[in-house]
Amino acid sequence: MLITFNYHQRKESNVLISAVSLREISVFCLFTVLLSFAAPLCLANVSAPPAPPLPPTGYCSTIYTELQGYLDTFNQTLGTPAPYPTLQLPQLQMADSNSGPAISGPNYLASVMVQAQELQAMGFPGVKVEVAFPVLYEPFFGSQSALQPYLNFYQQLALNLRAMGMKILVENNVLLSTGTEAGWTNVGAYYDTLSWSQFIAGRAAMAATVAQIMQPDYLMLSEEPDNEAVNAGQPNLNNPSMAAAMIAGEITAARAVSPSAKLGAGFGTWMAPYPPSGLTDYLNAYVALPLDYIDFHIYPINTEYGGLSNFLDNALIIANGAAAASKPVAMSESWPWKMENAEFNVDSPDLFRARGPFSFWAPLDSYFIQTMANLANYTQMLYSTAEGSTYFQAYQTYGGTTANGGGANCTCTTASCSEGGIVATENSLAETAARTASFTTTGFFNNSLLVTPPDVVPPSAPVSLSGTIGYTSTTLSWTGSTDNVGVAGYNVYRCTKPPCTPVWIANSAATSYVDSGLTDNTTYDYRVQAFDMANNTSAMSNTISLTTALNTPPNAPTNIVATAVSPKQIDISWSAPQSGSGLGSYLIYAGTSPSSLVQIMVLPPTSTSYQNQPLSPATAYYYGVVAVEQGLDSPMSPIASATTLPLPNPPSKVMATPASSTRITLTWQETIPPGGLPIANYQIYQGTAPGALSKIATVLSPSFNSTSLNPGTTYYFEIVAVDTGYDSSMPSDPVAATTVPSPAAPTNVQATTPAATKINLTWQWAVAPGGLPIARFNVYCGASTSNQPEIGTVAGNDFLYTSASPATRYYCYVVAVDTDNDNSPPSANVPVVTPPLPNAPAAVQATASGSTKVTVTWSENLPPGGLAISVYQIYRSTKLPVTIANYVASRTTASYIDTAVSPSTTYYYAVSAVDTGQDTSPLSNPAQVTTP
């Protein structure tokens, strides 16, 4: 159930920015520098993080999309609020009292301060420290002497943070008694001994202790009453009035010893909407207290309780309620739980803790950080805390599959599906990253939000560099630098057997460094240099010389074997030497000459193999292994060598042949070098200028058709072969080919109208130099100068359109199409007007000239623009209507004598006109006559 959630998990962030081209120190860089002391220095500074991967398909993507949608909706509500000077106070994770008794260790504080330094380097002006009841309460420990190391730790931590100029927020809730984050095995049993009155008395006493020894700027007295009730076994905290009564006692106790600290209390936005113990019930109870502000936590950002409550919108309900009571708000914990709506109050909190560290969440985490910044501006928060501060420095790679079960519920790294193991690994990775000043893209994103304009001021130079020696190691220490934002770390430089040029060997976030794997009885010079997160570097420190002590080394490893497995990789293996007290590590040496090997790797004593990559193809490499025992190096093993496989040969006999105005055909031959891997594919590069080619395709066989090209344009091509080991050849010799030109547009298009329904088109056309033969002409005509329909296709240079409309203006053009179906530009539009159909003859009269003869006359009725009349057709019928079936004769003049009539008979005559284009008019009005 949700009330069992622990929202104090360690998390890391990643960011929307993509990896930038900062130089990263690598084995190869160190290897190169050691080969030649004259080479430029290799700087580490702050290395660019890798870009996050896309969310994997399946359930992870479902959760990702759902949460992103909630953030999108909430940002629409927030709009673009005016900036407000909210303090950004991230969780100082290593100082969390839930870490357990380890916080009282003698060297623990130094590690915490490294994390604080890295947060300051990102631009954070302060931190949040979780100091939970009863970690500073004497009855929990049984004696003042048992309590004292924890008092010392938090008091010194506060002093150190103040010395750094950082603000301090202390969150005083309760220690976790269950879950993977619970670091105290005895706290649950202690909670069982406390009555309600003892519990609230203890809370008040510890609030006073925290206020007195840490003097925080802000002190959170209680948070998440639902979770405190579960972890402490105090169900009265589920009653808003009783929870408020406990806080009232803490207020009195804290203000008695620290009047200046701002006091707050709060609850999570996931509180149920139902009275009498719902969100607004706690809000009303807390605003009535003499608190300086109301605090809240955001973890789930989903919509739950049957759609009644969105946990992001609840933040605005809290802010509005606090504002109505004239109290500001703050947010001491926030991070997006990676869960779907249906998982709320169903799945284990440990599942969500183990789901958070995957690197593909990075863009969503960054979006959440930006959203919380918008919320802080919108509500004018005093401070805002990102609980996932460890995500600023490390993520893990998602490894969920169907086989390991992680694919079904979005869990598992590539190494583990243990929820506790994933969380523990995440904390360890973040701590390691802090020691080497490494950041995720989320750390860079926070830096971009907090440090504006970009930082250009370098740190001060480190001073007072000093050191001590061992047989094969030295220990360096120095006085730290200062910076306008914060020092991220230090570059450590060394040179061997001075005088010599120092080279970079490591970076360290701490003001100390142990340089191991050295040669006994050898002098080394050292100096250090500070850098900040913007990679501004200080001047160098003073230089010191240290000479390692002399001692007897262990025996050398034996049976070393080197095997080339690809053009870029050689695997080596060896047998461990016998060791009296146990080996500490192996040092791997490599080089392209057996006389100039340099150290490239340090391996644990359990390893007896190593994969060396990336290497140069077709190159002989030599290897030696040194065993280290009790800080002493053995003689080097016998030298082993192997030659990397060759890269694929560039494709040969590359031919580029123009096939049309938009297509060029490429062919080539495959030439696998002796000992080379088979070819897997070919990459095609193309461009319109030599030396400016880009990849356009990957193919499996040695031919390719490049399409969608421009006519009459020269294109350049190179082919790269890629073998089955993903090794790429050099590009082939470039080849060029020019696409044939498009067909020329037809010219001198002429249009005539031989009839009312006919348009005769003629044109001229010539093949462009280098062009393809013409296959056909497409003819287009229409009533406007655009979007004319195609009316026909013809092989020759003329076309008769027989479906035109009479008395209509047409616009016609012609397109030439070559044998590869490439179209020419259209010819010019040619206007033409078809003549009208002839009118029916007028004034038709029929006169009986006798009992067997009738004379018919009429008048020509030529329309404007009409063609000349070539013939008249006469029709006769003894009844109406007269139709063309009643045709009797044709005449070229306007009269007709009909001698084929009968006496005493009524006849009806009609006449039609036929023009020179064979267009026929309608029949005239009939003329009636009766023979005598």
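Reader: What makes Pro459, Ser460 and Val487 count as residues that threonine 482 touches?

Author: A contact here means heavy atoms within 4.5 Å, and with residues up to four places away in sequence left out, threonine 482 touches Pro459, Ser460 and Val487. This is a predicted model, in which local features need pLDDT of at least 70 and side-chain atom pairs count only at pLDDT 80 or more, while totals for chains, interfaces and linings use all residues. Residues are numbered from 1 along each chain as its sequence is written, and side-chain values use heavy atoms, with hydrogens and water left out.

Reader: Where does threonine 482 lie, and why is it called exposed?

Author: Threonine 482 sits in the loop that runs between strand E12 (474-479) and strand E13 (487-496); helices (H or I, at least four residues) and strands (E, at least two) are DSSP runs, numbered from the N terminus. A residue is buried under 20% relative accessible area, exposed over 50% and partly exposed in between, with a 1.4 Å probe and protein chains only. Threonine 482 has 54% relative accessibility, so it counts as exposed.

Reader: Is serine 732 buried or exposed, and which residues does it touch?

Author: Serine 732 has a relative accessible area of 3%, and therefore it is called buried. Its place is the loop between strand E31 (714-723) and strand E32 (735-738), and, leaving aside residues up to four places away in sequence, serine 732 touches Pro650, Pro651, Val654, Glu718 and Ile719. Strand E31 is itself mostly covered, since 8 of its 10 residues are buried.

Reader: How do you know which strands pair with E31?

Author: Two strands are said to pair if DSSP finds at least two bridges between them. Strand E28 (residues 679-687) is joined to E31 by 8 bridges, the two running antiparallel, and asparagine 681 has valine 722 in E31 as its bridge partner. E31 and E32 are joined by 4 bridges and also run antiparallel, with tyrosine 715 standing opposite alanine 737 in E32. Strands of a sheet pair through backbone hydrogen bonds, either parallel or antiparallel.

Reader: What makes E33 and E37 the edge strands of their sheet?

Author: The sheet is an open one of 3 strands in the order E33-E34-E37, with antiparallel pairing. Strand E33 (747-755) and strand E37 (798-801) are its edge strands, as each pairs on one side only. From one strand to the next the twist averages 15 degrees, where axes are lines fitted to C-alpha atoms, for helices over the stretch in contact, and angles run from 0 to 180 degrees between N-to-C directions. Strand E34 (residues 758-764) is joined to E37 by 4 bridges, and in E37 aspartate 798 is the bridge partner of threonine 762.

Reader: Why is the link between cysteine 60 and cysteine 410 called a disulfide, and why is it right-handed?

Author: A disulfide is a covalent bond between the sulfur atoms of two cysteines. The rule used here asks for a pair of cysteine sulfur atoms within 2.5 Å, and those of cysteine 60 and cysteine 410 are 2.0 Å apart. The torsion about their S-S bond is about 110 degrees, so this disulfide is right-handed. The pair links distant parts of the chain, 350 residues apart, with cysteine 60 in helix H2 (residues 59-78) and cysteine 410 in the loop between helix H14 (406-409) and helix H15 (419-435). Both cysteine 60 and cysteine 410 are buried.

Reader: How many disulfides does the rule find, and what is the accessibility of cysteine 412 and of cysteine 417?

Author: The count comes to 4 disulfides, including the one that joins cysteine 412 to cysteine 417, S to S 1.9 Å. Cysteine 412 has a relative accessible area of 1% and is therefore buried, whereas cysteine 417, at 37%, is partly exposed.

Reader: Why is the disulfide of cysteine 495 and cysteine 500 called right-handed?

Author: The sulfur atoms of cysteine 495 and cysteine 500 lie 2.2 Å apart in this disulfide. The torsion about the S-S bond is about 85 degrees, so the disulfide is right-handed. Cysteine 495 counts as buried because its relative accessibility is 3%, and cysteine 500 counts as partly exposed because its relative accessibility is 24%.
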